Structures are given as C-alpha cells and as structure tokens.
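Visitor: I would like to learn how to read a protein structure. Please take me through one, feature by feature.

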Amino acid sequence: MKARFIWKSTCSTCRNARSFLRDELHAELDERDYAKRPFSLAELQELFAGLEPRDYLNPKSPAFKALGLKGKVLTPQQALELMASDSNLIKRPLVMAGDTVIAGFDRERLRSTLA
C-alpha cells in the first residue's frame, strides 16, 4: 500500500520511521519534508480535510510552549493557521494510508496498517 509520509528530515524519529517504512515494511512512500518545503494554509486545509487538525498540533514543540498554547482552546482554523506559520507545530512524522492517519513513530500501528 502506498502511504503519504510527512516528516522533517532533521528529526531523528522521522528518519528512523522512514527507514522502518522503507527497509522493513517496503512501503511505497509519497514523501513531503516540510522542513524543506513548508505547507501553505491551503495545503494544510486540504491535508486535514475531514480530520481534527487540533489533534495534530505538537504540544512537545518548543514553539508550542513559547506561544503559551498549553491549555488554550483553539478552533480548527486557528490550529491550521498556527501550523502554517510554524511547521514545527505539526506532530511528526505523519503517515497517511487509506483512512488511517498515524502521528508519531508507532511501529505496531505502522506494521498493521501497511504490512
């Protein structure tokens, strides 16, 4: 199965997930390194259509903490605008396959979805 792989090449977890997907699962990946090619707001709206974008904000990001977002109630549009303004606010990596979206490097979920 072909999967969409959204990652940041400077992130070691993303690199490990990419290796796992390619080398162990032999998954065909449609990759987007958002560190090199950030998403526009329109692209994020399309990417997260039908999903709850607030679920894909990265609360561990220094940018999240610096903006004082902990405990804030954001609208889906505000979440998308924040991700468009700073891609470090997107959880990583994201793997999208069919109707499944996996945020983070979860070997078992990746294996059961793509193997």
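Visitor: Which residue stands opposite I6 in β3?

Guide: A word on the source comes before the reply. This is a predicted model, in which local features need pLDDT of at least 70 and side-chain atom pairs count only at pLDDT 80 or more, while totals for chains, interfaces and linings use all residues. Residues are numbered from 1 along each chain as its sequence is written, and side-chain values use heavy atoms, with hydrogens and water left out. Now the reply: in β3, L94 stands opposite I6.

Visitor: How many helices and strands are there in the protein chain?

Guide: Helices (H or I, at least four residues) and strands (E, at least two) are DSSP runs, numbered from the N terminus. The protein chain has five helices and four strands. Read from the N terminus, the order is β-α-β-α-α-α-β-β-α.

Visitor: Which strands pair with β1, and in which sense?

Guide: Two strands pair if DSSP finds at least two bridges between them. Strand β1 (residues 2-7) runs parallel to strand β2 (residues 28-33), with six bridges. F5 has E31 of β2 opposite. Between these two strands the chain passes through helix α1 (residues 12-24), and this β-α-β crossover is right-handed. The term means that, with the strands pointing away from the viewer, the path from the first strand over the helix to the second runs clockwise. With strand β3 (residues 94-97), β1 pairs in the antiparallel sense over three bridges.

Visitor: What is the bridge partner of L94 in β4?

Guide: In a regular strand the side chains alternate between the two faces of the sheet. Here, strand β4 (residues 100-103) pairs with β3 in the antiparallel sense over four bridges, and A103 is the partner of L94. The β3 and β4 hairpin has two residues between the strands, and G98 takes a positive phi near 60° there.

Visitor: Which residues touch the most other members of the largest nonpolar core?

Guide: In soluble globular proteins, nonpolar side chains tend to be buried together. A nonpolar core is a set of buried Ala, Val, Leu, Ile, Met, Phe, Trp, Tyr and Cys residues joined through side-chain atoms within 4.5 Å. Buried means under 20% relative accessible area, with a 1.4 Å probe and protein chains only. The largest core has 21 residues, and L44, F48, M83 and L89 touch the most other members. At least two residues come from each of α2 (41-47), α3 (62-66), α4 (76-85) and β3. The largest share, four residues, is that of α4. A second, separate core has 16 residues, among them W7, L21, V95 and L110.

Visitor: Is M83 buried or exposed?

Guide: M83 lies in helix α4. Its relative accessible area is 1%, so M83 is buried.

Visitor: Which residues are in contact with M83, leaving aside its neighbours within four places in sequence?

Guide: Contact means heavy atoms within 4.5 Å. On that basis M83 is in contact with L44, F48, P53, Y56, L57, L89 and I90.

Visitor: How much of the protein chain is made up of buried residues?

Guide: Of its 115 residues, 41% are buried. Along its principal axes, the C-alpha trace spans about 40 × 30 × 25 Å.

Notes
Buried < 20%, exposed > 50% of the residue type's maximum accessible area, 1.4 Å probe, protein only.
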